[in-house]
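Load the model into your viewer and keep the selection tool handy.

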Amino acid sequence: MSDPLRRQALEAVAELDLPDCWIGAGFVRDALWAHLHGNDVTVPRGDVDVIWYNTAQPEESRDRSIEQSLRIKMPCLSWSVKNQARMHHRNGDDPYASVSDAMQHWPETATAVAVRLGRSGAVEVNAPFGLRDLFALRLQPTPNFLTTKHPIFMDRVNSKRWLERYPLLSLGDRHSGS
């Protein structure tokens, strides 16, 4: 909440009043990792992932319309809106029941964290794998990425250069037994 840009983003998303709606992934993870490394928390790198769940409006065009509304409010951010009610098709999974259910199919435990402003103005946290790995600076694959999808996890670790950008991170890779 001390980051004015992130607070404004949370407020903009809350104003949409979408069901089961959160901002997740790097928006949360990178801010916390930067803070824990003693670095300034900067403008989110890459997309600001807005995730929501509504089976009555699964059309991608609805997500594009929401992105456009957010771009008008905050053009400095690269918005990415995804209704999780349809994302199981892209990921080859069974249908998701909620945003939290969808996040359980994300590659890393520290990425499967989302926040939103509740009606009272307090920040609410959605973290189906908890917050331990995020705060412990540990990159850990989720259960779905321990076996056949493990190369996707490792590709993300390498392509995003997390271990270089955040040198205090450890690779808690259950796949290799560490």
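Start by selecting Trp33, which counts as buried because its relative accessibility is 0%, under the 20% cut-off. Keep in mind as you look around that this is a predicted model.

**Around Trp33**

Now show the neighbours of Trp33. Leaving aside residues up to four places away in sequence, Trp33 touches Ala110, Leu134, Leu137, Leu139, Trp162, Tyr166 and Leu169.

A search of the whole structure finds two aromatic pairs. Trp33 and Trp162 form an edge-to-face pair, with 6.0 Å from centre to centre and 85 degrees between the planes. This pair links distant parts of the chain, since Trp33 sits in helix H2 and Trp162 in helix H8, 129 residues apart. Trp33 and Trp162 are both buried.

Tyr166 is buried, with a relative accessible area of 7%.

**The cores**

Zoom out and colour the largest nonpolar core, which has 35 residues. Trp33 is among the members that touch the most others, together with Ile23, Phe27, Val50, Leu70 and Trp79. Elements that each supply at least two residues of this core include helix H1 (4–16), helix H2 (26–36) and helix H3 (60–73). For a second, separate core of 13 residues, select Trp22, Tyr53, Met87 and Ala102, which are included in it.

**The pockets**

The largest pocket has a volume of about 750 Å³. Select Ala25, Asp49, Arg90, Pro107 and Arg156, which lie nearest its centre among 31 lining residues. By class, this lining has 12 nonpolar, seven polar and 12 charged residues.

Move on to the second largest pocket, with about 470 Å³ of space. Of its 19 lining residues, Met1, Arg6, Val28, Ala31 and Leu32 are the closest to the centre. H2 gives the largest share of this lining, five residues. What classes make up the lining of the second largest pocket? There are 14 nonpolar, two polar and three charged residues.

Note on methods: Residues are numbered from 1 along each chain as its sequence is written. This is a predicted model: local features need pLDDT of at least 70, side-chain atom pairs count only at pLDDT 80 or more; totals for chains, interfaces and linings use all residues. Side-chain values use heavy atoms; hydrogens and water are left out. A nonpolar core is a set of buried Ala, Val, Leu, Ile, Met, Phe, Trp, Tyr and Cys residues joined through side-chain atoms within 4.5 Å. Buried means under 20% relative accessible area, exposed over 50%, partly exposed in between (1.4 Å probe, protein chains only). Helices (H or I, at least four residues) and strands (E, at least two) are DSSP runs, numbered from the N terminus. Contact means heavy atoms within 4.5 Å. On a 1 Å grid over the protein atoms alone, a cavity is a set of points where a 1.4 Å probe fits but cannot get out, and a pocket is an open set with protein on both sides within 12 Å along at least five of seven lines; lining residues have an atom within 4 Å of a point. Grid points are joined across faces, edges and corners, and a volume is the space filled by probe spheres set on the points. Ala, Val, Leu, Ile, Met, Phe, Trp, Tyr, Cys and Pro count as nonpolar, Asp, Glu, Lys and Arg as charged, and the others, Gly among them, as polar. Rings of Phe, Tyr and Trp (its six-membered ring) pair if their centres lie within 6.5 Å; planes under 30 degrees apart count as stacked, over 60 as edge-to-face and the rest as tilted.
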